[in-house]
Amino acid sequence: MNSERVVWLHGDADPQQVGVKNARLAELTDEGIRIPEGFAVTAAAYQEFVREGRLGPVIAQELRRYRAGRDLVVVAAAIRTAFRDTSLPQAVSDEILAAYEDLGGDGTEVAVRSSPAETQDDMADETFLHLRSGADVLAACRRCFASLFSAVAVGNREHRGPDHLVAAMPVTVQRMVRADLGSSGTVRGESTFVRVRAAWGLGEPVSGDADQYSVHPGARPMIVKHRGAKRAKTVYAGLRGTEVVQTTPEERSGLVLTDDDIEELARWSVIADKHFKRPMELEWAKDGRSGGLYLVEVRARVLPVVTIDGPGRAVPVLQYTRER
């Protein structure tokens with residue numbers, strides 16, 4: 001059940017409360033697209049944490065020191081330390097733990113990520129993978145809240161706003177997709193076809209190394225396949241985080257996705273472009289245990305700006321529109 005503090009990622013959601021990325025994912029579930037099961041800890045929960053933990057005066061004091069000449073990195077680190085050392089309000093903790101229990105509780109692997117209410121490049125992307133206890137989830141939420149005060153984010157808010165005490169950081173908690181045992185990649189629509197890139201393991205595929213599939217959607221989709229070298233993959237390495245390992249000869253010689261997977265991803269791309277009424281790029285992950293295919297991020301495409309150089313001659317220039 002949704003509340004002011006916790007919102008499940010399904011259907012319409014307020015991006016200012018759950019974060020832009022979460023809101024987009026949640027919207028697409030109504031279109032029949034699968035995302036990892038999970039919830040958002042809202043901006044309201046963040047603000048309650050700041051208020052009840054009396055962090056506002058800490059933020060204000062450190063900012064006065066910065067404006068008086070103290071190093072920005074030192075000031076930002078002091079604020080983040082205060083966040084990590086402050087306990088969450090009991091009501092916030094209880095609702096996060098109850099939602100985690102609904103996912104399966106202790107022993108259930110989840111990912112916890114910062115999810116800014118605005119799509120800004122200066123926001124720190126704090127991510128914690130393979131967490132298996134309620135205590136770890138709560139600690140990760142505090143660290144994600146603290147990521148609102150990275151040095152770059154503080155400096156940019158000083159320059160352009162919003163006010164530090166108005167800004168907020170929602171957090172995402174989702175069931176882990178074991179792409180480290182499976183595969184991951186991107187998909188996006190072009191003018192008359194959909195392009196899918198796929199590689200073994202975690203993260204976006206390295207350009208030129210991944211499988212690439214071109215799909216012409218329709219009642220009987222046509223798929224053109226190009227097998228990439230797939231020399232390496234990123235896997236989960238326990239306490240060491242992740243590591244890059246060599247792929248096996250079978251992985252290098254085989255294709256990452258089945259025809260059914262490719263067609264489904266192409267269908268998701270068409271749905272997303274129509275839903276948001278603009279070109280989108282999707283990130284997907286395939287669980288190596290269950291075989292399930294999931295959408296993990298959707299973002300507006302960064303498109304080149306084209307100028308005209310002479311009569312009837314279009315020339316792309318090194319300038320790009322950015323998502324805001």
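Leaving aside neighbours within four places in sequence, Ser-115 is in contact with Val-18, Gly-19, Lys-21, Asn-22, Met-169, Pro-170, Val-171 and Thr-172. The model is predicted. Ser-115 sits in the loop between strand 3 (110-114) and strand 4 (127-131). Its relative accessible area is 2%. Ser-115 therefore counts as buried, the cut-off being under 20%.

Six strands form an open sheet in the order 9-8-7-6-12-13. Their pairing is antiparallel. Strand 9 (222-226) and strand 13 (293-300) are the edge strands, and each pairs on one side only. From one strand to the next, the twist averages 20°. In general, strands of a sheet pair through backbone hydrogen bonds, either parallel or antiparallel.

Strand 12 covers residues 280-286. Seven bridges join strand 12 to strand 13, and the two run antiparallel. Met-280 has Ala-300 as its bridge partner in strand 13.

Two helices lie across strands of this sheet. Helix 2 (residues 20-29) lies across strand 12 and strand 13. Helix 2 runs at about 125° to strand 13. Helix 10 (residues 259-276) lies across strand 6 (183-189), strand 7 (194-200), strand 8 (211-216), strand 9, strand 12 and strand 13. Relative to strand 12, helix 10 runs at about 145°.

Conventions:
Residues numbered from 1 in each chain as written. Predicted model: local features only at pLDDT ≥ 70, side-chain atom pairs only at ≥ 80, totals over all residues. Heavy atoms only, no water. Pairing = 2+ DSSP bridges. Helix = DSSP H or I, 4+ residues; strand = E, 2+ residues; numbered from the N terminus. Axes fitted to C-alpha atoms, helices over the stretch in contact; angles between N-to-C directions. Contact = heavy atoms within 4.5 Å. Buried < 20%, exposed > 50% of the residue type's maximum accessible area, 1.4 Å probe, protein only.
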